[in-house]
Amino acid sequence: MEESWICQWSVIRSLLAIIQWWSFNVTVIVMNKWIFQKLDFKFPLSVSCIHFICSSIGAYLMIKVFKVKPLIVVDPEDRWRRIFPMSFVFCINIVLGNVSLRYIPVSFMQTIKSFTPATTVVLQWLVWRKYFDWRIWTSLIPIVGGILLTSVTELSFNMFGFCAALFGCLATSTKTILAESLLHGYKFDSINTVYYMAPYATMILAVPAMLLEGNGVLEWLNTNQSLTSSLVIIFSSGVLAFCLNFSIFYVIHSTTAVTFNVAGNLKVAVAVLVSWMIFHNPISGLNAVGCAVTLVGCTFYGYVRHMLSQQPPGTPRTGTPRTPRTPRNRMELLPLVNDKLDDKV
């Protein structure tokens with residue numbers, strides 16, 4: 001009886017973790033789009049900087065004040081040699097995401113973001129000459145095909161926003177690959193990651209934001225008719241951006257890898273649906289099909305990665321001759337995609 005109750009509570013806790021993760025993620029995305037479109041605050045660098053500031057304060061409170069998570073101590077030399085380069089890529093990743101959201105609909109932006117697994121595999125193959133199992137390459141076909149179909153049929157297509165989203169995928173992939181080498185030896189969770197990277201990201205972005213957007217922000221402050229409520233929304237989005245990172249920490253410890261993968265792709269579908277209901281951006285039938293194919297492809301890709309990771313070492317792969325690049329163990333077959341930490345805003 002007690003084991004049954006524990007099992008039921010585990011399922012309930014997983015569902016609650018996923019729901020709150022979805023809620024924070026969709027709310028942050030919709031609020032950012034609302035800030036750019038409805039509040040006419042068209043300054044993605046400033047919005048990103050506010051998010052970094054709020055995340056820095058939030059991570060400090062969680063670790064230093066409330067002791068929710070112990071601080072992972074990093075050597076001072078490693079902070080500049082390892083953390084700073086990661087923070088730079090982290091900053092570019094977030095900024096490009098907000099820039100794309102400024103110019104293209106949420107549905108299109110979220111679909112392009114699903115291209116990240118493909119860019120990660122290709123980058124590792126080109127730069128590191130890593131070998132991947134043929135099933136990994138096959139699983140990328142529906143992702144690429146869905147992205148192409150979505151891009152061709154997008155009714156609100158904007159080349160600048162499209163390029164920003166695409167380069168955002170490359171930045172996410174680069175961040176993942178760099179983390180494997182630069183953060184080797186440190187087991188960061190999402191809160192400690194934000195604790196170290198958000199302050200550096202704020203330093204990196206503050207000057208460009210002031211130089212490129214300072215005059216525009218001042219003009220917006222002087223001409224806005226409902227300044228107080230607008231500022232509340234803008235800074236609330238920063239607070240919720242940190243809460244999203246905290247929710248990732250919670251959901252990682254409450255779900256399995258397979259559940260996380262499926263929930264992550266369903267989260268994109270929920271974000272697309274909610275944004276369409278709020279902003280009423282036009283979506284054609286083929287565009288919806290392309291988005292669905294992409295999400296199914298991402299789910300299949302996650303399943304393939306999980307299946308390969310469960311194979312015992314030394315499992316023969318029929319029909320694959322050994323070459324100088326043939327992997328010696330199963331882990332070389334898997335891309336370095338940390339799906340659980342790619343949603344930080």
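I began with a group of four charged residues: E77, D78, R81 and R82 are linked in a network of salt bridges. I counted a salt bridge where a side-chain nitrogen of Lys or Arg lies within 4 Å of a carboxyl oxygen of Asp or Glu. I noted that this is a predicted model, in which local features need pLDDT of at least 70 and side-chain atom pairs count only at pLDDT 80 or more, while totals for chains, interfaces and linings use all residues. Residues are numbered from 1 along each chain as its sequence is written, and side-chain values use heavy atoms, with hydrogens and water left out.

**Entry: the network in detail**

I looked up the pair R81 and E77, whose side chains form a salt bridge at 3.6 Å from N to O. Both residues belong to helix α3, residues 76-103, and stand four residues apart, about one turn of the helix. I took helices as DSSP runs (H or I, at least four residues; strands are E, at least two), numbered from the N terminus. I then looked up D78 and R82, whose closest N and O atoms are 3.7 Å apart in a salt bridge. D78 and R82 are also four residues apart in helix α3, so about one helical turn separates them.

Is D78 buried or exposed? I found D78 buried, at 9% relative accessibility, whereas R81 is partly exposed at 46%. Here buried means under 20% relative accessible area, exposed over 50%, and partly exposed in between, with a 1.4 Å probe and protein chains only.

**Entry: other salt bridges**

How many salt bridges does the rule give? I recorded five. One of them joins K42 to D40, with the closest N and O atoms 3.2 Å apart. K42 is partly exposed at 32%, and D40 is partly exposed at 43%.

**Entry: transmembrane regions**

I consulted the UniProt record, an unreviewed entry, which places the feature "transmembrane region" at several stretches, including residues 43-63 and 285-304. Such annotations may be inferred rather than shown by experiment. In the model, residues 43-63 are 95% helix and 0% strand, with end C-alpha atoms 31 Å apart. Residues 285-304 are 100% helix and 0% strand, and their end C-alpha atoms are 29 Å apart.

**Entry: helix α3 again**

I returned to helix α3 for F88, which is partly exposed at 41% relative accessible area. F88 and K175 are 87 residues apart in sequence, yet their C-alpha atoms are 9.2 Å apart in space.

**Entry: backbone angles**

I looked up two residues with positive phi. Most residues other than glycine have a negative phi. R129, which is not a glycine, has a positive phi of about 55°; R129 lies in the loop between α5 (116-127) and α6 (134-153) and is partly exposed at 44%. H280 likewise has a positive phi, near 55°. H280 sits in the loop between α10 (257-279) and α11 (285-309) and is exposed at 60%.

**Entry: confidence**

I checked pLDDT, the predictor's confidence in each residue from 0 to 100. The protein averages 87, and 90% of the residues score at least 70. Over residues 317-333 pLDDT stays under 50, and the model has 29 contacts there beyond four places in sequence. Over residues 336-345 the pLDDT is also below 50, with 48 contacts beyond near neighbours in sequence. A contact means heavy atoms within 4.5 Å. Where pLDDT is low, the predicted coordinates should not be read in detail.
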